[in-house]
Amino acid sequence: MPGINEIVQWMRDERNGIPLTDNRDQLEKYREVIADFFELKTSAKLIDEAILKYISRLDFVMPETSIVVDHDQVHDDSWVAESLKLDRPSWNRLRLFLLEKRKRDERSVCHLDEESEIVLRQLGNPKSPKTSKRGLVVGYVQSGKTANMAAVMAKAADSGYRIIIVFAGVLDSLRQQTQRRFDEELTGGRLDTFIDNWAHVPRVQYFSDNDLNWRCGTFCNPHSQKSGDIEKRPEHFHRLGPNGGPALFVIKKNPRRLKILKEALQSSKLAKDGQIYFPALIIDDESDQATINIKAHKDEIAGTNRAIRELLNTFSNCTYLGYTATPFANILIDPNTKSDLGEDLFPRDFIITLSPPKAYLGAKELFGVKNISEADEDESMLPIVNYIPEEEAKLMGDRKSSRNIDIVANESSSLRGAINSFILSSACRVHRGHANEDMSMLIHPSSYTNIQNRLYEPVHAYLTQIKALHNTHSLDRKLKDVLKKIWENDFLPKSQEIRTRFIELPILPSFEVLEPLICDILREIEIKVLHSGTNDYLQYLDPTQPKRYIIIGGNKLSRGLTLEGLSVSYFTRSSKAYDTLLQMGRWFGYRRHYVDLTRLYMRPSAADAFAQLAFVEMDLRDQFKNYQLQGVKPLEMPPKIVKLPALTITGANRIGAGTKVELDFSSQVVQQVNFNFNDTNSIKNQNEIINNFIASLGAPAPAYYRNNTRPKRGSHIWLHAVGNEIIIDLIAKLNLENIQKQLFVTYLKDRMRDRKWFIAIAGKEEGLSLGTFKLGDQSKEIVAVNRQIKSANIPTIRSLYSKGELEDVIHNTLAKNGIDKDAVGILTFYFLNSDPKILWPSDALYPPPKSFIENRPSYIIAPAFSIPKTASGVVKVSIPVLEQTFVESDDMEVSGDE
């Protein structure tokens with residue numbers, strides 16, 4: 001029986017008279033055509049779901065996912081095509097659950113479907129007798145990585161993977177959160193139930209005994225209420241025989257738990273002579289935490305790293321898949337490190353960068369993107385940050401002083417203002433119809449637990465005081481005046497500004513409308529202190545009892561743990577490391593329906609660091625995309641991570657193969673050599689942008705050959721200088737596939753700040769025009785296609801810029817007018833004939849895509865930037881240098897005694 005994806009693909013590719021329409025009634029008429037083609041007799045439900053998916057994909061844009069993969073390695077993904085023909089019960093069940101229970105829209109589920117299939121195709125073939133693959137999936141903080149994991153796991157189980165192991169962080173709270181989610185979405189079991197009889201597994205909604213029978217459960221000690229993690233009870237593993245569905249293990253990432261799991265599996269019926277011959281998928285959540293070998297001497301192996309590698313060696317067919325939003329430590333693992341355990345955990349086979357869904361708010365969206373050479377604040381920063389005075393922030397982090405507890409008592413303190421903002425934000429969310437949603441506030445002062453403990457009493461005292469001052473229907477006059485002032489001076493004007501970017505947001509009500517709702521919120525607020533020394537825990541996701549939490553904590557809130565409905569954050573914690581700092585951003589995520597009610601209280605330096613880290617993230621992902629386009633393997637990949645002042649890339653003991661380098665664009669030619677012909681609209685749009693740019697320049701100067709004669713028809717050159725900022729603005733608009741845009745722009749801003757640019761056009765197609773100017777035929781053959789390209793969709797042009805006749809025309813024209821070519825930047829636009837005979841190799845191995853042949857533009861324009869020699873010649877960026885300084889690690893929690 002065909003799968004849903006197979007039917008949808010047939011409808012889209014072949015059509016067979018099926019129209020491109022989102023009118024469901026019209027498509028209903030084609031049920032019989034679909035049923036006849038696929039020989040479906042009684043599959044009305046399957047066809048119905050295929051029609052819905054067909055409609056949802058009419059204007060669906062494929063995720064901007066990039067894959068750096070080892071093309072030389074033999075990789076068989078034919079098994080994925082075979083699995084697409086199956087019913088895929090686990091994935092179809094998860095899809096239905098997301099749509100009906102979680103109320104996800106069809107397009108977001110389509111996005112998840114597409115991206116998870118991209119990951120699935122890189123896994124090892126579960127039918128292969130011996131396979132070892134290691135890869136990395138890079139997402140964003142709080143962006144839905146766990147959703148991608150669940151989808152990949154479901155599809156892997158449907159495709160034949162028998163053992164799925166998830167390393168769910170280093171804390172009990174995160175492991176339990178992950179277990180609950182996968183129980184609900186995948187297995188149908190319950191966390192609080194120890195399974196002795198597989199035939200009577202309790203099922204949650206959307207699950208039945210007719211579905212794929214997961215060997216679910218925690219395989220744990222049922223009396224271990226605190227953890228629920230795996231215990232050494234190998235007798236319970238006898239059920240894991242050669243028959244039955246996949247087994248899921250969600251365990252904490254530490255050496256003891258990993259060893260227990262390895263020994264228990266080796267003693268089960270799945271093993272033979274200590275080796276397991278059933279396909280295994282091992283997912284390492286937060287794979288840059290604890291996984292990395294942090295031993296000072298890399299010939300030694302840290303406990304967790306050793307335990308993971310020993311577990312991997314237990315399987316004959318195993319894919320190790322790391323997930324993280326901060327991949328710095330992962331890509332700096334030395335790939336050449338070998339030991340008695342074999343190679344380390346460098347993602348040698350593939351690196352996949354996930355695209356954030358449309359509704360995601362990350363560092364870029366909240367803080368803007370600050371170029372490292374700029375000192376001023378970025379205009380794109382949302383007005384949701386309120387700065388904490390440095391004196392208050394320092395006092396909050398002082399673990400030896402008890403004065404920090406006085407902060408809440410101070411009426412002008414930022415912490416009191418943050419609590420008041422949370423009260424207002426929550427009341428307005430109730431007014432918007434979010435009454436059944438959880439709402440949270442985060443207070444993250446320090447990693448030291450004694451500071452977190454000390455803050456509970458003053459926060460509790462303040463809330464008790466204001467609760468006592470109001471009756472059921474009205475607020476105390478003094479509190480009312482304070483809240484009204486915050487509402488009218490902060491929320492109302494800032495919300496109006498934010499609505500210019502998020503037009504779907506409703507207008508805020510008056511304070512008088514909120515007042516009765518504020519009284520209810522005050523009664524509902526609970527305070528929780530989360531660290532290893534407390535028994536507090538969070539109980540979310542019960543719509544009948546939505547929570548209003550103020551959560552005080554440190555490391556437990558620093559990575560992975562989701563705070564539902566987080567609207568206000570008070571953050572004074574400091575860290576020097578990129579990964580630690582980014583992971584602390586619990587406020588990233590999906591908050592577009594209340595982004596105007598979100599407030600971040602932090603140091604100015606912290607907000608500035610997040611804006612610069614947004615730059616680092618964008619640049620690193622640009623590099624991954626470029627490596628994909630250029631066919632670079634992970635093992636050959638030289639990623640450059642921008643070095644920010646006063647911060648380190650990651651902990652010094654996590655830097656493996658990193659060495660200091662300097663990036664130099666001086667006297668170089670930076671040119672576009674890649675074009676994605678799956679996206680012809682992007683090419684046409686770039687042509688239009690360049691046309692408009694040239695038309696704005698006015699008339700060009702005469703062009704001269706070396707013998708000082710003017711050609712009859714020649715390249716056009718504009719001699720009136722263009723400012724550097726105009727070129728930077730143009731670069732921002734262009735879709736320059738292979739150019740490392742972020743670092744290139746940084747260089748131009750830093751080293752070309754006072755330089756000028758001259759513009760040139762090199763034409764090939766006589767009769768075509770750019771702006772208002774006809775092209776000549778001076779460029780004879782400037783296009784050469786790289787026949788080693790690994791994808792038929794993204795051709796690479798080997799050479800656009802030569803030292804020949806065209807360069808003579810440009811430079812001689814400048815010299816004729818007294819301009820030193822080494823003193824200016826030259827931007828040259830090359831016109832390329834889009835005829836596939838020229839752009840594509842003549843052999844049949846790499847034919848142009850059908851979509852390109854049907855929709856190709858009449859020409860393509862490729863820019864090339866000739867950079868003059870600059871004073872220092874070096875941009876201030878580098879990949880990490882090993883620094884012998886203490887860097888706070890998010891792998892540990894710091895007690896008040898340390």
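Predicted model: local features only at pLDDT ≥ 70, side-chain atom pairs only at ≥ 80, totals over all residues.
Let me begin with G698, which is found in the loop between helix 21, residues 680-695, and strand 19, residues 716-723. How accessible is G698? The residue is partly exposed, with a relative accessible area of 33%.

Consider next its surroundings. Between the C-alpha atoms of G698 and T772 the distance is 9.0 Å, although 74 residues separate the two in sequence. If we leave aside neighbours within four places in sequence, the contacts of G698 are with W718 and F773.

I turn now to helix 21 itself, where N691 lies. Is N691 buried or exposed? Its relative accessibility is 16%, and the cut-off for a buried residue is under 20%, so N691 counts as buried. Not counting residues up to four places away in sequence, N691 touches S769, L770 and G771, and also Y859 and I861.

My second topic is helix 3, which covers residues 31-38. Which residues of this helix are buried? They are I34, A35 and F38. Seen down the axis of helix 3, these buried residues fall within an arc of 95°, and they therefore line one face of the helix. The exposed residues E32 and D36 are carried on the face turned away from that buried side. After helix 3 comes E39, and the phi of E39 is positive, near 55°.

My last topic is a pair of helices: helix 6, residues 89-100, and helix 7, residues 106-120. Their axes come within 10 Å and cross at roughly 150°. How are the two helices oriented to each other? Angles over 145 degrees count as roughly antiparallel, so helix 6 and helix 7 are roughly antiparallel to each other. As to handedness, the crossing in which helix 6 passes helix 7 is right-handed.

Which residues make up this contact? Helix 6 contributes W91, R95, L98 and L99, and these meet E106, V109, L112 and D113 of helix 7. Sorted by class, the contact has five nonpolar residues and three charged ones, with no polar residue.

To close, I return to two of these points. In helix 3, the buried residues line one face, and E32 and D36 are exposed on the face turned away from the buried side.

Terms used:
Residues numbered from 1 in each chain as written. Heavy atoms only, no water. Buried < 20%, exposed > 50% of the residue type's maximum accessible area, 1.4 Å probe, protein only. Helix = DSSP H or I, 4+ residues; strand = E, 2+ residues; numbered from the N terminus. Arc of directions from axis to C-beta. Axes fitted to C-alpha atoms, helices over the stretch in contact; angles between N-to-C directions. Parallel < 35°, antiparallel > 145°, perpendicular 65-115°, else oblique. Left-handed = near helix turned anticlockwise from the far one by under 90°. Contact = heavy atoms within 4.5 Å. Nonpolar A, V, L, I, M, F, W, Y, C, P; charged D, E, K, R; others polar.
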